[in-house]
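Me: I have a model open and want to learn to read its features one at a time. Where do we start?

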Amino acid sequence: MTTRGETLHAPADLRGSSHGQPPTRLPFLVYALALGTFLMGTTEFVVAGLLPEIAGDVQVSVARAGLLITVFAVGMIVGAPLMAMLTLRLPARLTLILALGIFAAGHVVVALGSGFALILGARFLTALATGAFWAVANVVAARTAGPAASSRALGVVGAGAMLANVVGVPLGAFAGQVMGWRGPFWALAVLGAAAMVLIARQIPRDTGGEKAISVRSELAALRSGRLWLALAACVTTAGGVLSTYTYISPLLTDRAGLAAGLVPLVLVGFGVGALAGFLVGGGLGDRRPYLTTIVAPAVTTVLLLAICLLSGYAGPTMVLVALLGLFGLGANPVLISLGVRFAGRAPTLGSALTVSAFNLGTAVGSWIAGLALDSPLGATGPAAVGTAIAALTLIPTIAIALTQRRRHSAAAHPQGASAAS
């Protein structure tokens, strides 16, 4: 087992190719980690389908019950980098096991809790554990797969969360209607404990002799300009897509004239597209990472603009929403890989910061989109906001590509670079 602070080396050239071809199969551990992100993606959003039942049971308004979603997002934003630093000296294996143990325990507290404050606190604690797991899981997956397949591995791990939107959240909401809202939380607690055992068996115990990692050396990664460019791209790509997705229902019903009963099918289409986007984007990212991070947001911007212009037509809008899932989140595994790589000897902190950046983009983008929804733009307001935010992604991604090209040229012609300087 390598240290938490080991550097993940960048590909040799701008295209991201490396010596040798990516392995045919990813290690099973990558899929075990994807199971963990599936559970955590499910718990983040399953509450949305259970809010009325939760509100009635704990005697709060539905709007107040919605804080269960908000506090989870805040916990992810704060928790990912915070827990990455607090668990810095712990082996990755132990951190993942502890995170899943806290995840399972938090769901038991929610399932047994009778007071809203207690449930809210348990959700925040679960979010902290989720942030820790996600940050370390990204690094372990990339390291296990190797440099030639790191983006593909991160695509699989991220696809677990996308699969949650397609399968986990609908099943959880359905189970909540049948078994009561506490049932899905019991199920997630049991599955979290099972995932803890599975991952503990897949990751070998640390052999000792690892170098101690200081907080100062981790924070030194924050001086990397390329890291901040990657984080900016994480914020804008999430903000552009999810600000639109958050308010897609009024767009479909009020503008496109779609029956309310068909909205879930459109959401499933988005989820399937997002799942495919993570897998395809991760595969492309191992070969052409910088091109992928430019093309994906460029196409996303065009799709969002098309949604604004064609939202009065149900058929085209449904197709565009599915394509938005495919392209809108396709660059995410590549951006995570770049964040880990650009963090140098602090890959876990780099991974944690990408998790926070995605959640920050979602929170800020959704807030601005909500304001646009109440503006004269009406139901098309969130899509207009998403178009502008998605277009901003091209600034950091193009800057990263140009920076890498200059670095590659300087490495290829060191004498010429020295003479020019």
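Me: What should I know about the model itself?

Reply: This is a predicted model: local features need pLDDT of at least 70, side-chain atom pairs count only at pLDDT 80 or more, and totals for chains, interfaces and linings use all residues. Residues are numbered from 1 along each chain as its sequence is written, and side-chain values use heavy atoms, leaving out hydrogens and water.

Me: How many helices and strands does the protein have?

Reply: The count is 19 helices and 0 strands. Of the 421 residues, 54% count as buried. Now contacts, meaning heavy atoms within 4.5 Å. Among contacts with a separation of 6 or more, 86% join residues 24 or more positions apart.

Me: At what angle do H5 and H8 pack?

Reply: Helix H5 (residues 92–112) and H8 pack at about 165 degrees, with axes 8 Å apart. That makes H5 roughly antiparallel to H8. The classes: under 35 degrees is roughly parallel, over 145 roughly antiparallel, 65 to 115 roughly perpendicular, the rest oblique. The contact includes Leu 96, Leu 100 and Ala 104 of H5, and Phe 185, Ala 189 and Ile 199 of H8.

Me: Which hand does the crossing of H5 and H8 have?

Reply: A crossing is left-handed if the near helix is turned anticlockwise from the far one by less than a right angle, and right-handed if clockwise. The crossing of H5 and H8 is left-handed.

Me: How do H10 and H16 cross?

Reply: Their axes come within 7 Å and cross at roughly 40 degrees. H10 and H16 are therefore oblique to each other. H10 passes H16 in a right-handed crossing. Among the residues that meet are Leu 231, Val 235 and Ala 238 in H10, and Ala 357, Phe 358 and Gly 361 in H16. H16 (residues 347–373) has 27 residues and reaches 39 Å from its first C-alpha to its last, close to the expected 39 Å. The expected span is 1.5 Å times one less than the number of residues. In H16, 19 of the 27 residues are buried.

Me: Which residues touch the most other members of the largest nonpolar core?

Reply: A nonpolar core is a set of buried Ala, Val, Leu, Ile, Met, Phe, Trp, Tyr and Cys residues joined through side-chain atoms within 4.5 Å. The largest has 63 residues; Leu 33, Leu 96, Phe 133, Val 140, Ile 199 and Ile 307 touch the most other members. Helix H6 (residues 116–145) gives the most, with 9 residues. A second, separate core of 23 residues includes Leu 154, Tyr 290, Ala 357 and Phe 358.

Me: What about Arg 226, buried or exposed?

Reply: At 19% relative accessibility, Arg 226 counts as buried. Arg 226 is in helix H10 (residues 225–246). Beyond four places in sequence, Arg 226 touches Phe 342, Ile 400, Thr 403, Gln 404 and Arg 407.

Technical notes: Buried means under 20% relative accessible area, exposed over 50%, partly exposed in between (1.4 Å probe, protein chains only). Helices (H or I, at least four residues) and strands (E, at least two) are DSSP runs, numbered from the N terminus. Axes are lines fitted to C-alpha atoms, for helices over the stretch in contact, and angles run from 0 to 180 degrees between N-to-C directions.
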